[in-house]
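Try each task before you read its solution.

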Amino acid sequence: MIFITVGSSEEYKFPRLLQIVDELCDEGVIAGKEVIAQIGYTDYQPRNYKAFDMTSDEKFKELVAKADIIITHAGTGSVTSALRAHRKVIIFPRQYKFKEHLDDHQLELAALFTDKGYTLSAMDKEELRDRIIHIDEFQPVEFVSSNKKINKIVIDFIEGL
């Protein structure tokens, strides 16, 4: 199963990813019956696959655990949830030029995760098609969260004030 998540931004919609996945279903690259998407506050309604707006954290984690592939915006929580569940992740970042976010920080996050070998990234339909077609060849580096290290840095900083 492919699980798509676009996050929960009310201000910034993300129909571009959902439309591209519909097109890839039309083209036979993806079987729509194997796709489910969390579309948040996006108005676009997929034609070829199941979709829902929002769900509980428990249901979200269940969908992540069942998925073979996760296609996600570059929201840190969405990406790290999928990586902690040892799923293959394709990041499709929201982009400022499409008015999908207030800046291009998602491009930077996608590059960071992909450069470290944790994920694949795609910026457009052609790249997403390629990543899906070749996903079986991708062997991600195991993700190790550095939360403890970051927490220590923050605590040390605060205690030093």
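**Exercise 1: the sheet**

Work out how strand β2 (residues 35–38) is joined to β3, and where both sit in the sheet.

Step 1. Three bridges link β2 to β3, and the two strands run parallel. Strands here are DSSP E runs of at least two residues, and helices are H or I runs of at least four, numbered from the N terminus. Pairing takes at least two DSSP bridges between two strands.

Step 2. Look at Gln38: its bridge partner in β3 is Phe52.

Step 3. Now zoom out: six strands make an open sheet with parallel pairing, ordered β3-β2-β1-β4-β5-β6. At the edges are β3 (50–52) and β6, each pairing on one side only.

A note on the source: this is a predicted model, with local features needing pLDDT of at least 70 and side-chain atom pairs pLDDT 80 or more, while totals for chains, interfaces and linings use all residues. Residues are numbered from 1 along each chain as its sequence is written, and side-chain values use heavy atoms, leaving out hydrogens and water.

**Exercise 2: helix α4**

Find which residues of α4 (105–115) are buried, and what covers them.

Step 1. Gln106, Ala110 and Phe113 are buried (under 20% relative accessible area; exposed is over 50%, partly exposed in between, with a 1.4 Å probe and protein chains only).

Step 2. Down the axis of α4, the buried residues fall within an arc of 70 degrees, so they line one face of the helix. That arc is taken from the directions from the helix axis to the C-beta atoms.

Step 3. Glu108 and Asp115 are exposed on the face turned away from the buried side.

Step 4. The cover includes α3 (76–84), β5 (88–91) and β6 (120–121), counting contact as heavy atoms within 4.5 Å.
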